[in-house]
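Please work through the exercises below with the sequence and the structure open beside you, and try each task before you read its solution.

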Amino acid sequence: PGLPVDAKGRTFLEGIRLGVGDALAADPRVFVYGQDVAGPYGNAFLLLEPLVAEFGDRLVNSTLAEGAVLGVCVGAALAGLRPIGEMQFNDFVATGFNQLVNNAAKIRYRWGADVPMVVRMPWGGLRSGGPFHSQNTEAWFYRTPGLKIVVPSTPEDARGLLAAAVADPAGQRLRAGHRTCGDQQRQQGAHRLPPVVERREERGMEGERQVQHRVGSDYLDDLV
């Protein structure tokens with residue numbers, strides 16, 4: 001069992017931020033690449049703003065081109081770096097589909113090279129974001145060998161799994177729901193650093209359902 005819920009604890013957003021900060025502090029090869037991730041904003045949700053002062057040189061803004069973001073991450077990973085690519089919304093990953101499913105996922109099987117990259121993508125609806133900011137696109141990638149889909153169910157998981165994904169030699173993807181980023185499920189205390197593959201087998205799709213079910217239940221409760 002994980003840490004208990006604590007009303008004075010950390011939110012999902014804070015858990016993700018701490019996970020990114022852990023990865024940046026632990027390994028100088030790690031950098032974040034995506035749209036508006038650098039200062040002064042630190043991404044569209046202000047997620048990285050507290051990290052700008054310490055790690056600003058490794059928070060790198062990209063052009064408005066998701067295919068290019070993922071392509072740069074693939075190349076950087078092959079060159080020995082540990083990129084964390086960021087999609088502002090997971091819907092936008094469609095324009096970079098080939099870089100993920102035909103390059104990042106297959107290079108290891110094609111000539112034996114590892115592609116140690118993480119792609120972080122907020123997903124889900126319930127924020128009135130319209131048709132291009134609200135999808136759950138995980139089904140696009142479930143059956144792609146070489147990709148690992150990681151879905152945290154708690155703030156503790158969000159921090160620990162992100163750091164574990166960055167440390168894993170194979171390609172990963174981490175997803176975090178829009179609404180859960182600031183929801184009431186808070187936790188206090190230290191975080192664990194679980195093996196990604198082990199945690200994926202243990203929680204994997206079950207974790208995905210837990211997150212979606214909880215968000216959906218909140219929405220239904222609001223309607224009632």
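The exercises that follow concern a predicted model, and each task comes with a worked solution.

**Exercise 1.** Find out which residues touch the most other members in the largest nonpolar core, and which element gives the largest share of this core.

*Solution.* Begin with the core itself, which has 25 residues, and among these Leu 100 and Met 117 touch the most other members. Next, look for the elements that give two or more residues to this core, which are strand 2 (30-34), helix 3 (66-78), helix 4 (97-104) and strand 5 (118-123). Of the core residues, six come from helix 3, and this is the largest share. Finally, notice that a second, separate core has 20 residues, including Phe 12 and Ala 165.

**Exercise 2.** Describe how strand 4 is covered, and to which strands it is joined.

*Solution.* First, strand 4 spans residues 82-86, and five of its five residues are buried. Then consider directions: Arg 82, Ile 84 and Glu 86 point one way, whereas Pro 83 and Gly 85 point the other way. In general, side chains in a regular strand alternate between the two faces of the sheet. Lastly, strand 2 and strand 4 run parallel and are joined by five bridges, with Phe 31 opposite Pro 83, while strand 4 and strand 5 pair in the parallel sense over three bridges, with Glu 86 opposite Arg 120.

**Exercise 3.** Decide whether Pro 122 is buried or exposed.

*Solution.* Locate Pro 122 in strand 5. Because its relative accessibility is 1%, and buried means under 20%, Pro 122 counts as buried. As a further step, compare sequence with space: Pro 122 and Gln 88 are 34 residues apart in sequence, yet their C-alpha atoms are 6.9 Å apart.

Key:
Residues are numbered from 1 along each chain as its sequence is written. This is a predicted model: local features need pLDDT of at least 70, side-chain atom pairs count only at pLDDT 80 or more; totals for chains, interfaces and linings use all residues. Side-chain values use heavy atoms; hydrogens and water are left out. A nonpolar core is a set of buried Ala, Val, Leu, Ile, Met, Phe, Trp, Tyr and Cys residues joined through side-chain atoms within 4.5 Å. Buried means under 20% relative accessible area, exposed over 50%, partly exposed in between (1.4 Å probe, protein chains only). Helices (H or I, at least four residues) and strands (E, at least two) are DSSP runs, numbered from the N terminus. Two strands pair if DSSP finds at least two bridges between them.
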